[in-house]
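I opened my notebook to look up a few things in this model. Below are my entries, in the order I made them.

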Amino acid sequence: MKELWDIKIIREILERHRFNFSKSLGQNFLVNRNICPAMAQEAVENGEVSAIEIGPGIGILTQELALRAKKVLAVEIDTRLLPVLDETLAQFDNVEILNADILKLDIPSLIEEKFSGEDVVVCANLPYYITSPVIMHFLESKSRIKSLTVMVQKEAADRLCAEVGSREAGAVSVAVNYYAEAQKLFNVSKGSFYPQPKVDSAVIKLTMRREPPVEIKDEKLFFRVVKAAFSQRRKTAANGISSGLGADKSEVVAAIEESGLDPNVRAEKLTMEQLARLTDCIKDRI
Ligand code: SAM
């Protein structure tokens, strides 16, 4: 197995393939030998699953997933990396590379086609320019995904894993919490990447829930309310919701009071249960 964490080996492979890093595709490759085995182990656990990887790069994490999972489907957007991956993953017969933009793939159909009926986990060192869209793409897909073990920028990790009802929480923390249980696993310093990015990273694990933690009459409205409530962080939830939903502020305040809350409450103070109750009251009134 090629030692793909060794910067000399990476340079030799990339020079031979005349590859230049693309900043716009978030190409910062891992050069720390300890990270990928730990991520793959967390993702695959007892090995009874297959894995989807987003953005294999030159295959450093793909190798570790291939050693542990039944099958690995690695989705890479950059065509220039395909011959590199053919070379670095040649010894594995349980890896398939798909040249595609992950955000353009329909996840349930992909899982049906590639893994008919098997449990699937997601594991990736995510391209940072699309961290939240990729995570939401999987969370909302209502597919057979068991968990997502992903590396993201440290600040994004804090936001994604923030407890709903705490100062750090945002609309994305509520969305993550609705679909999954979030856990921050470990930090990764910026020196672990080549080229080196400006900020540190962290690995998080989102374990999908079987049922949402709260019951809501209208799921779509819930996410509209949450987005609106958190859109103006310095203002009250009432202001954010009335402008976000284009609703009369007095009606929004009445719904907030009806759900037993202070009309001046800010979104980051609200728990999942309170947001759910508020959405139900808004649905009945507006
Ligand atoms: N897994 C490698 C590692 O850990 O060294 C590379 C990770 S690098 C941060 C992100 C990878 O995602 C790059 O290989 C990049 O080309 C790929 N990528 C960027 N946007 C993508 C997209 N929309 N769909 C699939 N892959 C993408």
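Before I list any sheet order, I note the rule I used: two strands pair if DSSP finds at least two bridges between them. I also keep in mind that this is a predicted model.

**Entry 1: the sheet**

I started with the strand order. I found an open sheet of seven strands, and the order reads β4-β3-β2-β5-β6-β9-β7. The pairing in this sheet is mixed. At its edges I noted β4 (95-99) and β7 (180-188), each of which pairs on one side only. A reminder to myself: strands of a sheet pair through backbone hydrogen bonds, either parallel or antiparallel.

Next I picked out β6, residues 145-153. How many of its nine residues are buried? I get seven, so strand β6 is largely enclosed by the rest of the structure. Buried here means under 20% relative accessible area.

I looked up the partners of β6 one by one. With β5 (residues 120-125), the strand runs parallel, and six bridges join the two. As a landmark in this pairing I wrote down V122, which stands opposite L148 in β6. With β9 (residues 201-208), β6 pairs in the antiparallel sense, over seven bridges. Here my landmark is T149, whose bridge partner in β9 is K205.

I also followed the chain from β5 to β6. Helix α6 (residues 131-139) belongs with these two strands in a β-α-β unit, and the unit is right-handed.

**Entry 2: empty space**

Rolling a probe the size of a water molecule over the atoms shows where empty space is left. I counted one cavity of 30 Å³ or more. The largest cavity has a volume of about 350 Å³. Which residues lie closest to its centre? I54, G55, E76, N125 and P127 do, out of 29 residues that line the cavity. Elements giving two or more residues to this lining are β1 (29-30), β2 (50-54), α3 (60-68) and β3 (72-76). I sorted the lining of the largest cavity by type and got 20 nonpolar, six polar and three charged residues.

Then I turned to the largest pocket, which holds about 270 Å³ of space. I found 13 residues lining this pocket, with K23, N28, Q196, P197 and K198 nearest its centre. The pocket lining divides into five nonpolar, six polar and two charged residues.

Most residues other than glycine have a negative phi, and most peptide bonds are trans. I went looking for exceptions.

- Between Y194 and P195 I found a cis peptide bond, with omega at about -10°. P195 is in the loop between β8 (193-194) and β9.
- E45 is not a glycine, and its phi is positive, near 50°. I located E45 in the loop between α2 (35-44) and β2. Its relative accessible area is 48%, so I call E45 partly exposed.
- K142 is another non-glycine residue with a positive phi, about 45°. I placed K142 in the loop between α6 and β6. Is K142 buried or exposed? At 60% relative accessibility, K142 counts as exposed, since the cut-off for that is over 50%.

How values were computed:
Residues numbered from 1 in each chain as written. Predicted model: local features only at pLDDT ≥ 70, side-chain atom pairs only at ≥ 80, totals over all residues. Heavy atoms only, no water. 1 Å grid on protein atoms, 1.4 Å probe; cavity = no way out; pocket = protein on both sides within 12 Å on 5 of 7 lines; lining within 4 Å. Points joined across faces, edges and corners; volume = space filled by probe spheres on them. Nonpolar A, V, L, I, M, F, W, Y, C, P; charged D, E, K, R; others polar. Helix = DSSP H or I, 4+ residues; strand = E, 2+ residues; numbered from the N terminus. Buried < 20%, exposed > 50% of the residue type's maximum accessible area, 1.4 Å probe, protein only. Right-handed = clockwise from strand over helix to strand, strands pointing away.
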